[in-house]
Amino acid sequence: MGLIDAPAPGVVSLDAGQGDGWITTRLDFLVNWGRANSLWPMPFGTACCAIEFMATAASKFDLARFGMERMGFSPRQADVLICAGRVPFKLAPVLRRIWQQMPQPKWAISMGACASTGGMFDTYAVAQGIDTIIPVDVYVPGCPPRPEALIYAIMMLQKQVMKERMSGTSRDEMTPDPLSQLYIPPSRIDKLSEAFGNSIPQTRSGQ
Amino acid sequence: MSEFTVIRAGSAPGLPVPATPRNVPHRGGEANPSAATLKAKFGDAIVRVDVVWGETNVVVAMDKALEIITWLHDEPTESYEYLSDVTAVEFRDRGLPIEIIWHLRSLKHRRFLRLKGLIEKGRPLSAPSVYGVYKGADWLERECYDMFGVTFEGHPDLRRILLWEQYAEGYPLRKDFPLRGRFSRAEQLEQALAANPEARYSMEELSVADAYADLPQDMRARIKGGESTGE
């Protein structure tokens, strides 16, 4: 998403058709300010990352400071999907369905190594990164990430929300391929899921 | 005026207070008395008795396994009323047979017995179901079927339990199964996304395997009314 240049100072354009006029940019700012400071998370906690997420939401780290006052356990009343933990293939259709049930505008945070890459679970059962299933805005490294890391990711997401433009197309709903239900090409999924590091000698496919 | 008697741990009548065993040898040692009883009762059907780390393994002939387990459950002197686990082991050494393993526990006599049935490589993976003796064997045998592909003869509802039903890559705990599965990641994801979760976890699912009569009245009424979950 390219950030559209703000109009030069002193130049006031009221032409809404241009998409970057004074009124629309100010309105964008107001709407984004409201959205960024009232993100309601939908926790999708499947593993130990969810424990750190709970710590983040609890009083010591206090997610409510960032406007995340309310955990939306219904996807229909949520803005941010926080996927905390590994996602096995059996959960892939569930995660996809939950994402599609969330109303626009919506964002996704992939929390922890497993949600982002599959982590140490380079096995037949685990999806190698939830970005193969749904679009992800912020990845949080860590196993599991400390609450500070999650808060940093949320602040990054708030910065991204502030850059949204109503006229932009960055928040279009993803359209999966009707036949395969994949939303990115299979070759890219294989590329994203390639074995790396320690997990390379683990396969004994030839047997 | 309580009609219940409080039973404290370790005070089973007629038995010494249990103590944590010390210096247990790896091989050998005192066998579970049930092993000798089995040997006397079933003779050739008992292939071998090992004592490993103080626990007794009895290798039995597969065709007699159900009979032996039923007897162990029913006989008052044995009284193995609790089935802890049903599982299987495949060894990396290809010559070794696949083992089907039953963990039996007698609460009354405070005994633990491990039964093993051997399936030679190349033979069909099939074992008798003990569902008729222990209802708890239902999911244990389904899991064993899911992971190893062992067919339990006589199981009322043998289908996958952990993996989804359309899973086409085989049986993950078998030694010839590659760690990452047989298909490419894109293909695996495609197949997983094609599985419709609401088709799998509907209320109607509960009526599979004749559990309909056990459902609560209101749920039965809702199913009968044609109600379904979902959108």
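Modeller: Two residues are in contact if their C-beta atoms, placed from the backbone, lie within 7 Å. This is a predicted model, in which local features need pLDDT of at least 70, side-chain atom pairs count only at pLDDT 80 or more, and totals for chains, interfaces and linings use all residues. Residues are numbered from 1 along each chain as its sequence is written, while chains are lettered from A and ligands numbered from 1 in the order in which they are written.

The contact draws on 25 residues of chain A and 22 residues of chain B. On the chain A side, helix H3 (92–101) and helix H6 (186–192) each supply at least two residues; helices (H or I, at least four residues) and strands (E, at least two) are DSSP runs, numbered from the N terminus. H3(A) gives the largest share of that side, five residues. By type, the side of chain A that touches chain B has nine nonpolar, ten polar and six charged residues. Here Ala, Val, Leu, Ile, Met, Phe, Trp, Tyr, Cys and Pro count as nonpolar, Asp, Glu, Lys and Arg as charged, and the others, Gly among them, as polar.

As background, chain A has six helices and four strands, and its pattern along the sequence is α-β-α-β-α-β-α-β-α-α. Among the contacts in chain A with a separation of 6 or more, 74% join residues 24 or more positions apart. Of its 207 residues, 32% count as buried, that is, with 20 or more other C-beta atoms within 10 Å of their own, C-beta atoms being placed from the backbone.

Technical notes
Buried ≥ 20, exposed ≤ 12 C-beta atoms within 10 Å, placed from the backbone.
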